[in-house]
Amino acid sequence: YIHIGRILELTNEPDYAVAMYKKAVSLNKLNTEALILLAAHFLNSGLRNRALLYLRSALAIDEDSPNARMGLARLEMNSKKFMNAYKIFRKTELFDAENKRKEYDKKFHFYYAETASLVGDYITAEIQYTELLKYPNAPFFGSFSYKVVERRRDIASKFAVIKKSESEDKQ
């Protein structure tokens, strides 16, 4: 049902996609992917409270889920609370206890970089943009230009150099 829902979203049938995601949740209450997709849909639709309900449900199942934490951070970003979003991203672990990379949506790096830029942490922004650029075939780049991300990384890099030189001058 999740795959059908994603296809329905791509074909611009969001109401049917939501029905498929809800069906996936009804069949498996522990399905965090469907809960996160529902939250993303409602977040994109401007229904923040409903998105928050689904994100909380996903976090109750897996409190360390990078995708659910990204959803929370995006909620904060939409409320113009960029420092709160930045803190959520900074505390999110992308590796598990065995030091293996968790499965997560690569747009995590984009939102983290955008938030870091907005709070003035250009070094982190540069790192996150660079990390995102390591995945040129990520679905994220189907809706956002690779070249724009490269340009934003370059700008963040220039600001990071300026910030480093300012901090060295103060010392």
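Biologist: Are α4 and α5 roughly parallel or roughly antiparallel to each other?

Modeller: In this predicted model, the axes of helix α4 (residues 48-61) and α5 cross at roughly 155° and come within 9 Å. Angles over 145 degrees count as roughly antiparallel. The arrangement of α4 and α5 is therefore roughly antiparallel.

Biologist: How many nonpolar residues does the contact of α4 with α5 have?

Modeller: The crossing of α4 and α5 is left-handed. On the α4 side, the contact has Arg48, Ala51, Leu52, Leu55, Ala58 and Leu59, which meet Ala68, Arg69, Gly71, Leu72, Leu75 and Asn78 of α5. Sorted by class, the contact of α4 with α5 has two charged residues, two polar ones and, as for nonpolar residues, eight.

Biologist: Is α3 roughly parallel or roughly antiparallel to α5?

Modeller: Helix α3 (residues 32-44) packs with helix α5 (residues 66-78) at an angle of about 15°, and their axes are 10 Å apart. Angles under 35 degrees count as roughly parallel. The orientation of α3 relative to α5 is therefore roughly parallel.

Biologist: Which residues of α3 make the contact with α5?

Modeller: The crossing of α3 and α5 is left-handed. From α5, the contact draws on Asn67, Ala68, Gly71, Arg74, Leu75 and Asn78, and from α3 on Ile36, Leu43 and Asn44.

Biologist: Which residues lie closest to the centre of the largest pocket?

Modeller: The largest pocket has a volume of about 1200 Å³. Its lining comprises 36 residues, of which the closest to the centre are Arg6, Leu37, Ala40, Asp105 and Lys107.

Biologist: Which helix supplies the largest share of the lining of the largest pocket?

Modeller: At least two lining residues come from each of α1 (2-10), α2 (14-27), α3, α5 and α7 (107-119). The largest share amounts to nine residues, and the helix that supplies it is α3.

Biologist: How many nonpolar residues does the lining of the largest pocket have?

Modeller: The lining of the largest pocket is divided by class into nonpolar, polar and charged residues. There are nine polar and 10 charged residues, while the nonpolar residues number 17.

Notes. Residues are numbered from 1 along each chain as its sequence is written. This is a predicted model: local features need pLDDT of at least 70, side-chain atom pairs count only at pLDDT 80 or more; totals for chains, interfaces and linings use all residues. Side-chain values use heavy atoms; hydrogens and water are left out. Axes are lines fitted to C-alpha atoms, for helices over the stretch in contact, and angles run from 0 to 180 degrees between N-to-C directions. Helices (H or I, at least four residues) and strands (E, at least two) are DSSP runs, numbered from the N terminus. Angles under 35 degrees count as roughly parallel, over 145 as roughly antiparallel, 65 to 115 as roughly perpendicular and the rest as oblique. A crossing is left-handed if the near helix is turned anticlockwise from the far one by less than a right angle, and right-handed if clockwise. Contact means heavy atoms within 4.5 Å. On a 1 Å grid over the protein atoms alone, a cavity is a set of points where a 1.4 Å probe fits but cannot get out, and a pocket is an open set with protein on both sides within 12 Å along at least five of seven lines; lining residues have an atom within 4 Å of a point. Grid points are joined across faces, edges and corners, and a volume is the space filled by probe spheres set on the points. Ala, Val, Leu, Ile, Met, Phe, Trp, Tyr, Cys and Pro count as nonpolar, Asp, Glu, Lys and Arg as charged, and the others, Gly among them, as polar.
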